[in-house]
Every structure is written in structure tokens, then in C-alpha cells.
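Dear colleague,

My notes on what was found in it follow directly after.

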Amino acid sequence: MAFARTCSVALVGVDGVIVEVQADLEPGVAAFTLVGLPDKALSEARDRVRAAVVNSGEAWPQRKLTVGLSPASVPKSGSGFDLAVACAVLAAAERLDPSSIAELLIIGELGLDGRVRPVRGVLPSVLAAADAGYQRVVVAEQTAPEASLVPGVTVIGVRSLRQLIAVLTGAPAPEEPPDPIGGRPDPLMAGLMLPSAGVRGLSDDKSARLDLADVAGQYEARRALEIAAAGGHHLYLKGPPGAGKTMLAERLPSLLPPLTQKEALEVTAVHSVAGLLPAGRPLIDTAPYCAPHHSTTMPAIVGGGSGLPRPGAVSLAHRGVLFLDEAPEFPVRVLDSLRQPLESGEVVIARSAGSLRLPARFLLCLAANPCPCGRHSRRGEGCECTPAMVSRYQGRLSGPLLDRVDLQVQVAPVTRIELMERDATAENTETVAARVLAARERAATRLAATPWRTNAEVPGHELRTRWQLAPGALNDVARQLERGVLTARGLDRVLRVAWTVADLAGRDRPDQRDVRTALVLRTGVEQGLPLGERVYGRLGGIPAQRSGPVDEPPEGQSRSGRFEKPDRPDCPDPESPGPESVGRSDRPDAPGRSIRSGSAKRSGKRDRHPANEGGEA
């Protein structure tokens with residue numbers, strides 16, 4: 001009896017499990033049996049391995065051959081075991097020294113002519129091998145740069161089975177000429193590049209990146225974009241069609257800082273398993289951008305598929321941006337499935353074949369119209385939707401989902417002047433990205449002794465107990481909690497945004513202006529004033545474009561951060577009696593009190609107020 005063994009890796013999600021490939025030869029009728037819970041592609045390895053060995057000039061053993069994959073309880077899938085099976089068979093047939101492959105970890109698919117084809121998931125496989133103590137790994141020549149990203153591992157890249165046999169026996173390696181592809185894509189890389197599933201933003205060409213200066217106007221939304229990038233906060237852009245919501249979201253990945261070495265390995269591992277690793281770029285060091293269509297199914301968003309689940313859009317956007325354009329058009333079940341990954345930064349998928357945990361720490365950006373026709377506003381000009389249609393449309397984004405979104409910004413229509421005239425004060429992406437990087441460095445310094453690196457990751461309990469705010473900073477938040485405007489989760493997210501605003505402004509801790517700014521971005525209300533009655537583009541405590549120095553309050557706002565009443569007849573002061581209430585009193589000792597007339601009571605009409613004319617106040 002002849003026996004030999006070597007090792008390979010089975011991927012469960014983005015985690016690798018070491019698999020021992022055992023080959024046993026016994027006297028008997030020639031047969032090839034493969035056991036160990038293989039899938040269909042792996043079961044077909046019997047024919048591929050036999051043809052590859054024969055076409056490489058080696059003799060196939062004419063005995064009873066049994067190949068076992070251990071542990072047998074772990075499902076194995078894919079063709080990455082072919083090269084390991086071939087080496088184990090040749091070692092059992094005494095063509096190779098069994099000790100020469102016992103400490104090797106071999107990954108690769110075999111063609112019928114003996115060529116070694118690359119497979120997906122090489123980086124997580126080699127990471128698992130390094131964690132298990134393996135020091136030498138054999139992969140296809142095309143994926144050797146990807147495998148070399150793991151420190152402490154010697155990578156042997158081979159082009160064919162003949163070359164690997166020569167390396168293991170000490171013979172001169174035969175020359176394998178490259179395929180004459182004539183400028184066409186390398187056919188050996190076909191299995192690595194699958195449809196992109198909406199992933200973009202992996203190019204190193206800076207000229208191809210979108211510039212924030214191309215966005216006309218939208219100074220408040222641009223500032224919210226900067227805060228979202230600086231702290232990793234989720235963002236919700238709501239406005240009419242053509243206001244620039246998609247343009248803003250597409251420029252968000254360019255504002256994010258480069259990935260650290262650890263984050264780059266995490267992102268590269270996910271894209272390698274999903275088959276989205278760009279050719280010639282073994283390491284992804286920039287934030288990915290994933291924008292699936294609203295018809296995408298739930299398995300494509302959170303991960304899934306037949307057999308063992310595969311990474312979905314939330315994992316492909318790990319350490320990057322997940323943009324859901326026309327968010328109300330997504331199925332409600334798909335949107336609500338984002339709640340758990342938004343909180344934990346990972347998604348756990350359970351199937352009958354097994355369960356796995358996938359990374360999903362992404363920055364969510366939602367974009368939506370105010371109504372089906374897109375023209376709904378407080379004034380109601382041009383909107384043809386009934387109140388029921390508007391309510392039903394806006395109700396597709398559930399309250400628990402929006403409660404997990406830190407920044408909720410109203411995107412106003414672009415004016416003619418902003419659209420037709422070039423704004424020389426508009427900042428480009430490089431300028432804003434430099435401020436974002438500086439703010440992230442301040443946060444990383446403050447969180448150096450913790451497992452967190454951005455403000456959005458810090459638990460609320462730590463924010464309330466470990467890092468103290470300036471005295472009186474939480475006065476406005478306390479009032480909103482008493483009124484029920486904020487939930488406990490909303491309070492934590494306001495504090496996180498306040499720390500980000502302080503980091504951007506260069507302050508050691510947030511003060512009342514920073515908390516008030518975070519509260520405005522969270523609720524859209526400044527001290528009880530509706531969002532439409534605020535000065536767009538001027539946020540208290542934030543140095544926006546066209547504004548003065550940081551210490552100077554914006555126009556129309558006092559140093560305390562409160563926006564003063566505009567000198568406009570169409571914007572009444574909610575704290576003063578309206579025109580309908582003046583002189584309407586049934587009691588002489590209660591001047592200015594608004595009393596409904598008997599006809600108003602009978603008809604059920606309410607006193608008209610700008611805050612009651614829309615559905616967003």
C-alpha cells in the first residue's frame with residue numbers, strides 16, 4: 001500500500017480552513033474515488049487530474065486510487081484542489097518524495113494539458129495557511145503577487161504541473177512559453193474576473209476620479225459629505241430630481257483616506273473571493289464603491305447563494321461606500337436587512353450547508369426623492385401626488401433604518417446662478433480630502449488605546465463616560481430627548497457627529513455649537529425652526545464655503561448658534577403670534593390668543609402654519 005498527503009485550503013466565506021489531501025493506492029481494479037464532501041466542480045477533478053498527469057508526461061497508476069479530503073465534515077467547493085490532488089497521487093505512486101509535499105500548501109486548478117490556472121480567494125487562503133504555521137505555498141504564477149502580500153510565507157509560482165514536478169525533484173524547470181493570445185485578455189484569468197456587481201472606485205488613475213468641485217451649489221450637502229467621510233457616518237440625501245444627490249454620492253469615496261495595511265488586506269480578501277480583484281493589482285488600498293440597482297435581491301445585498309453563501313454588496317463595500325440610489329424603490333425587506341450590519345459591522349448568514357460571518361463595515365449613503373413625482377415641498381408647488389401617495393412613498397424607509405443614519409440632509413434644487421455661473425470658491429476633492437485626513441488622524445490619536453479608529457465606531461456608553469464634552473453642550477439634546485425627537489440611539493449618533501465636527505474644526509472636545517450642528521444634521525430642525533426656514537449652506541460651528549472664519553458666526557446666526565429671524569415677510573417667527581391670531585380673542589385679558597371660530601371647529605380645519613403645510617417638519 002502507498003500513501004501520501006499534502007494540504008490545500010477550503011474557503012468558508014472569506015475564512016480559510018486547512019484541508020489535508022490524502023491519496024491511497026491499493027491493489028485492485030483501476031478506479032479513482034474522491035471522498036470528503038466535494039461539490040460538483042470538485043468531483044470533476046478526477047477527469048481533469050488524470051488528463052493533466054498524462055499530458056505532462058507522467059504515468060497514471062493503474063490501481064485502486066482513493067483521494068480523501070479531511071476534515072470530511074467541511075464542505076469543499078471549487079477547482080482549487082486539482083494541483084494538490086495531482087501531487088498527492090504522484091507521491092503515492094512514488095514519482096515524488098512524499099516528504100517533499102507534506103509541508104507544502106498547494107492551491108491551483110489544472111487544465112487538461114497540465115497548465116496551472118489561477119483560482120479565486122488566494123489571499124484569504126494564504127492568510128489561513130500562515131495562521132496554521134505553513135511557510136511554503138504553491139500557487140499559479142498569475143496569483144503569486146497576491147499571495148506574496150502575506151508576510152512570512154515563501155510563495156512558489158508555477159505555470160504548469162511539469163514545472164512543479166521539476167521544482168520538487170530538483171530537476172531543471174522546463175520552459176513554458178506563454179500562450180499566444182495576440183493582445184486578447186489572458187484566458188487563464190477568466191475565472192478570476194466575474195461581473196462587478198456594481199463595484200467601482202478601484203482605479204489608481206487620479207484623472208478618472210470624480211471631482212467635488214463639479215457639483216454646483218449644495219454647500220450644506222457638500223459639508224455633510226465632508227462630515228460623513230471624516231467620521232464614517234451614514235448619510236441620507238433627500239431632494240428633488242436633478243439636485244445633485246448622485247453626483248455627491250459618487251464623489252464620497254474620493255474623500256475617504258487610503259486604507260491601512262490591515263484594512264487593505266480585508267478588502268482584498270473579500271474581492272478575491274468574489275472574483276472582483278482587478279488584473280495586475282494584487283492589493284486594493286482605496287475605498288471601494290458599490291452602487292447596486294434597486295431591483296437587486298436580498299442575497300445579492302447581504303450575501304447568499306446556493307450552497308455556502310458568497311459575499312454580497314454590503315461585504316463588497318467593506319471599508320468603503322454602499323450607495324443606494326432611489327432608496328424607496330428597494331424592497332422593504334432588503335432595506336431592513338441592513339439594520340444588523342449597520343450596527344455590528346458584519347453580517348452573519350445561516351444556511352443548511354453552514355453559517356458564516358462576513359465583514360460589512362461600510363458607509364451607507366441613501367438618496368431619495370420626496371415623493372413619486374419628485375416635486376413635493378412645503379409649498380407644494382407642482383406636486384401632483386396626493387398626501388397618501390407621499391406618505392406611502394416616504395414610509396418605505398422605515399423608522400428603525402433611518403434611526404441608524406447619522407446625517408439626514410435636505411438637498412435643495414440648484415438655482416440658475418449656481419448652475420450657469422462658475423463658482424471660484426468651490427473646493428475640489430483634494431482640498432476636502434486633506435481636511436478629512438487631518439480629522440481622522442485627530443480621532444485616531446484620541447482612540448489610540450481603544451479598538452476603534454473612527455468616531456462612528458465608538459459605542460455610546462464610551463462617549464458618555466470616557467470623553468467629556470464642554471459644559472452645557474448637551475442642553476439642546478436634553479430638550480429633544482424630553483420631546484421625543486431623539487431616541488437613545490439617536491443621542492449616541494448625535495454625540496459621534498459632534499466629535500467629528502470638533503475634529504474638523506481642530507477642537508479638543510465638542511462644545512454647544514458642535515452638538516447643535518450634529519442635532520441639525522440629525523433632525524433637520526434648528527431650535528424648533530423647520531429646515532426650510534434655515535439659511536442653507538450655513539451650519540453653526542462649521543466653516544462652510546462663502547463664510548467667515550471659524551470663530552465668526554454665519555450670516556443670520558448669533559454666536560450662540562441660534563439662527564435669527566430672517567427679515568422676510570414669508571417666513572414668520574414661530575414664537576410670535578401669526579397674522580391670523582392677531583385681534584382674535586374672546587377674552588379681553590388674553591390678547592393675541594388664537595381661538596378657532598365656530599365654523600373652523602365644525603369643519604375641522606386647522607390654523608395654517610408653514611410647519612403644518614408639509615410632511616417633513
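In these notes, a residue is buried under 20% relative accessible area, exposed over 50%, and partly exposed in between, with a 1.4 Å probe and protein chains only. Please note that this is a predicted model, in which local features need pLDDT of at least 70 and side-chain atom pairs count only at pLDDT 80 or more, while totals for chains, interfaces and linings use all residues. Residues are numbered from 1 along each chain as its sequence is written, and side-chain values use heavy atoms, with hydrogens and water left out.

At 36% relative accessibility, Ala-300 is partly exposed. This residue belongs to helix H12 (residues 298-302); helices (H or I, at least four residues) and strands (E, at least two) are DSSP runs numbered from the N terminus. Beyond its neighbours within four places in sequence, Ala-300 is in contact (heavy atoms within 4.5 Å) with Gly-312 and Ala-313. Gly-312 lies 12 residues from Ala-300 along the chain, and their C-alpha atoms are separated by 4.9 Å.

Overall, the protein has 24 helices and 17 strands. Of its 617 residues, 48% are buried. Among contacts with a separation of 6 or more, 71% are between residues 24 or more positions apart.

Next, the nonpolar cores. Such a core is a set of buried Ala, Val, Leu, Ile, Met, Phe, Trp, Tyr and Cys residues joined through side-chain atoms within 4.5 Å. The largest one has 51 residues, and Leu-235 and Cys-365 have the most contacts inside it. Helix H22 (residues 488-505) gives the most to this core, namely eight residues. With neighbours within four places in sequence set aside, the contacts of Leu-235 include Ala-224, Leu-225, Ala-228, Leu-364, Cys-365 and Val-405. Another core, of 43 residues, lies apart from it; Ala-45, Leu-96, Ile-101 and Leu-110 are among its members.

Helix H3 (residues 82-92) is largely enclosed by the rest of the structure, because 11 of its 11 residues are buried. Asp-82 is one of these buried residues, as are Cys-87 and Leu-90. Just after H3, Glu-94 takes a positive phi of about 65 degrees.

Ala-31 stands opposite Lys-64 in E4.

Helices H21 (residues 475-483) and H23 (residues 512-523) pack at an angle of about 35 degrees with their axes 8 Å apart. Axes here are lines fitted to C-alpha atoms, for helices over the stretch in contact, and angles run from 0 to 180 degrees between N-to-C directions. Asn-475, Asp-476, Val-477 and Gln-480 in H21 meet Gln-512, Val-515, Arg-516 and Leu-519 in H23.

Finally, the cysteines. If a disulfide is taken as a pair of cysteine sulfur atoms within 2.5 Å, the count comes to zero. The sulfur of Cys-373 has its closest cysteine sulfur in Cys-371, at 3.4 Å, which is too far for a bond. Cys-373 is partly exposed, with a relative accessible area of 24%, whereas Cys-290 is buried, at 0%.

With kind regards

Definitions and conventions: Two strands pair if DSSP finds at least two bridges between them.
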